[in-house]
Amino acid sequence: MKFARTTAQLNWIYAWLLLSPALLMLFAFTHYPAIVTLVSSFFSTPRGKRPAKFIGLENYQALINDEVFWQVIWNNLLYAMATIPISVAIALVMALWVNGKLHGLGFLRMAYFTPTVLPLIAVANIWLFFYTPGFGLIDQIRNGLFGLPDQNLLGQTDTVLWAVMAVAIWKEAGFFMIFYLAALQTIPPSLKEAADIEGASRWTFFRRIIFPLLMPTTLFVSVNAVINAFRLVDHIFVMTGGGPDNASTLLLFYIYEQAFKYWQTGYAATLTVVLLALLSILAIGQFFFLDRKVHYR
Amino acid sequence: MTEHVIPRSKPFRLNWDKTLNTTGAWVLALLWFLPLAYAIWTAFHPALYEVRFDLTAPLTLENFSKAWEAAPFGRYFLNTVILVTGILVGQFILCTLAAYAFARFEFPGKSVLFTLVLLQLLVMPDILIVENYKTMRHLGLVDTITAIALPYLASGFGIFLLRQTFMTIPKELEDAARLEGCSILGVLWRVYIPLAKPTYLAYGLVSVSHHWNNFLWPLIITNSVETRPVTVGLQVFAAVDGGLEWSVINAATLLTSGPLLIAFLLFQRQFVQSFIRAGIK
């Protein structure tokens, strides 16, 4: 008994030794900064020799009165609400096609997946060229085929966000397709045979069998999509710089501007707290909402 | 009469269905491929042909050489290679050790610590740029490749992925090795790591492509040619106003994504399979 106890304790020590390098790094660059962010959101921005001082909820008050902030939040929510369902739906369709027996499967898979391997910053450059008024491919098509006038899609407040969304959807759908493809390959072919014997149509088979079986994947993919909708802002740097008139500024881009352009680190910390809160609420909410469907189907 | 109609109409309907699906799949694929094809077209032709699609247009590599001369892309590539290699090695070591502890040891606080690890999937270092920048300044690491890599070394995703793999390996193999006198690290090295090779490959590919493409954090933490990875280099290059032709920018764009793109096209099947494997777990 004494021996067993010491082995157990020895195992504790081994486990802690094995864990400590990873945990040290994890705490230093994830948990510690997350907590400090929360703390510094209650402090003013240090300037020169004047240290940060406790100002309570002043940063939050500034935030509520900041019209740009509300626009940025709205932009980002719209961005998430549009890009997530569209890219997930396209990903599912792609996966169903690639999983089938269509002609030219190799090309299809390559075409769908290639954008995933490209850096977002490079992708943005390619699309920027696309959107160039009068000169880019989109206007070439508009002029040449339909005789429509030139249009600056990235220069107008009512089109810029959609133009940026198209890039995100193009980049992400292929990535999500992979997860659906993986899930589809685990579905036994006998289900399809059984459905055929029952005379179920393809649509019924998809709706009643395939789609429910893919629910855990849908959950996983959409949580990922939510995180990406708030995490990836590289294309904003290249394509619009947040403009015109903040019409394409997303939350993380705004944080970057506040912190590294205007050096308002206190305010940037407050914005980061909002971002973290939003992410947690959305991810957890999604989990509960979709998780119920996963189990009770 | 009806007997004749049914067998005839059935194969016809099936074909129609397949044709429709094939067409849809191809239209989408072409649409998806178009931006890249366009970039390739402009990059390999003189600026004159940027918007003129003439199949007889002369091919040229001039745009690439112009881009290569206009910015220190050689140095940027070296920085990126050092960066992704460093991150990969660090992640493999840290994540392997931690994953092993989570997979095969019982110790107090295990579930709490594991939750904290998984929390990183949501609260990523990518978002905590303000505080991580301050930390790097305190450590005197601003504008170093080390600073770009540090926040990513302990990856929650990597620990999770490897733990799942290690847990599928029979415990008997470990016990047998221990009886032969293998130490804990010896068991890890001789039993677990060899058996988890496919997971390492999958995770390695995901990690390399992710960090090759990463932009925001490197942009913030670097400010010199000696540290900038290609993504930031491309942005600095393309953001300079005036004088740059689109064909040259597109050439630079392809240049930065080139190695990854070529590797992907060559090992397409393995690449997709790896991503699938990383996704399943």
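## Exercises on a two-chain model

In this structure, 72 residues of chain A are in contact with 69 residues of chain B, where contact means C-beta atoms, placed from the backbone, within 7 Å. This is a predicted model, in which local features need pLDDT of at least 70 and side-chain atom pairs count only at pLDDT 80 or more, while totals for chains, interfaces and linings use all residues. Residues are numbered from 1 along each chain as its sequence is written, and chains are lettered from A and ligands numbered from 1 in the order in which they are written.

**Exercise 1. Describe the side of chain A that touches chain B.**

Step 1: Find the element that gives the most. Helix 1 (residues 2-40) of chain A does, with 19 residues. Helices (H or I, at least four residues) and strands (E, at least two) are DSSP runs, numbered from the N terminus.

Step 2: Sort by class. This side of chain A has 56 nonpolar, 13 polar and 3 charged residues. Ala, Val, Leu, Ile, Met, Phe, Trp, Tyr, Cys and Pro count as nonpolar, Asp, Glu, Lys and Arg as charged, and the others, Gly among them, as polar.

**Exercise 2. Is S87(A) buried or exposed?**

Step 1: Locate S87(A), which sits in helix 3 (residues 67-99) of chain A.

Step 2: Count neighbours. S87(A) is buried because it has 26 C-beta neighbours inside 10 Å. The cut-offs are 20 or more other C-beta atoms within 10 Å for buried, 12 or fewer for exposed, and partly exposed in between.

Step 3: List contacts. Leaving out residues up to four places away in sequence, S87(A) touches I169(A), E172(A), A173(A), F176(A) and A225(A).

**Exercise 3. How do helix 8 and helix 9 of chain B cross?**

Step 1: Take the axes, which are lines fitted to C-alpha atoms over the stretch in contact, with angles from 0 to 180 degrees between N-to-C directions. Those of helix 8 (residues 171-179) and helix 9 (residues 184-195) of chain B come within 10 Å and cross at roughly 135 degrees.

Step 2: Name the angle. Helix 8 of chain B is therefore oblique to helix 9 of chain B. Angles under 35 degrees count as roughly parallel, over 145 as roughly antiparallel, 65 to 115 as roughly perpendicular and the rest as oblique.

Step 3: Find the residues that meet. L173(B), E174(B), A177(B) and R178(B) in helix 8 of chain B meet V187(B), R190(B) and V191(B) in helix 9 of chain B. This contact has 4 nonpolar, no polar and 3 charged residues.

Definitions and conventions
Contact = placed C-beta atoms within 7 Å.
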